[in-house]
Amino acid sequence: MRIRAQRLTPQAEQADPTRVLENVFAVQAQEQPAALLSMRARADGLTMERIEQARQQGDIVRTWAVRGTLHLLSPADARW
């Protein structure tokens, strides 16, 4: 159940970085390449370019949310 909740099983839906973050709340990584890899592991067919595009459009926020570590979050979750 935990693996499924973290989206680490094959997904039937289309790869969407915003949906990934809505499902898992946040992805933590101190280095940007590690964060991108973590996102790609959670959505079949998701590309680094698509994640970066979502970030530049404001669909994904990179911030220091918890404990001073870098996270990727959805803007709605980053707000509070």
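Buried here means under 20% relative accessible area and exposed over 50%, with partly exposed in between (1.4 Å probe, protein chains only). This is a predicted model, in which local features need pLDDT of at least 70 and side-chain atom pairs count only at pLDDT 80 or more, while totals for chains, interfaces and linings use all residues. Residues are numbered from 1 along each chain as its sequence is written, and side-chain values use heavy atoms, with hydrogens and water left out.

Helices (H or I, at least four residues) and strands (E, at least two) are DSSP runs, numbered from the N terminus. The protein has five helices and three strands, in the order α-α-β-α-α-β-β-α from the N terminus on.

Helix α3 covers residues 32-40, and its buried residues are Gln32, Ala35, Leu36, Ser38 and Met39. Seen down the axis of α3, these fall within an arc of 160° (taken from the directions from the helix axis to the C-beta atoms), so they line one face of the helix. Pro33 and Leu37, on the other side of α3, are exposed.

Leu72 lies in strand β3, residues 69-73, and is buried at a relative accessible area of 1%. Counting contact as heavy atoms within 4.5 Å, and leaving aside residues up to four places away in sequence, Leu72 touches Ala35 and Met39, among others including Leu21, Phe25 and Ile60. Ile60 is twelve residues from Leu72 in sequence, and their C-alpha atoms are 6.5 Å apart.

Across the protein, buried residues make up 34% of the 80 residues. The C-alpha trace spans about 30 × 30 × 20 Å along its principal axes.
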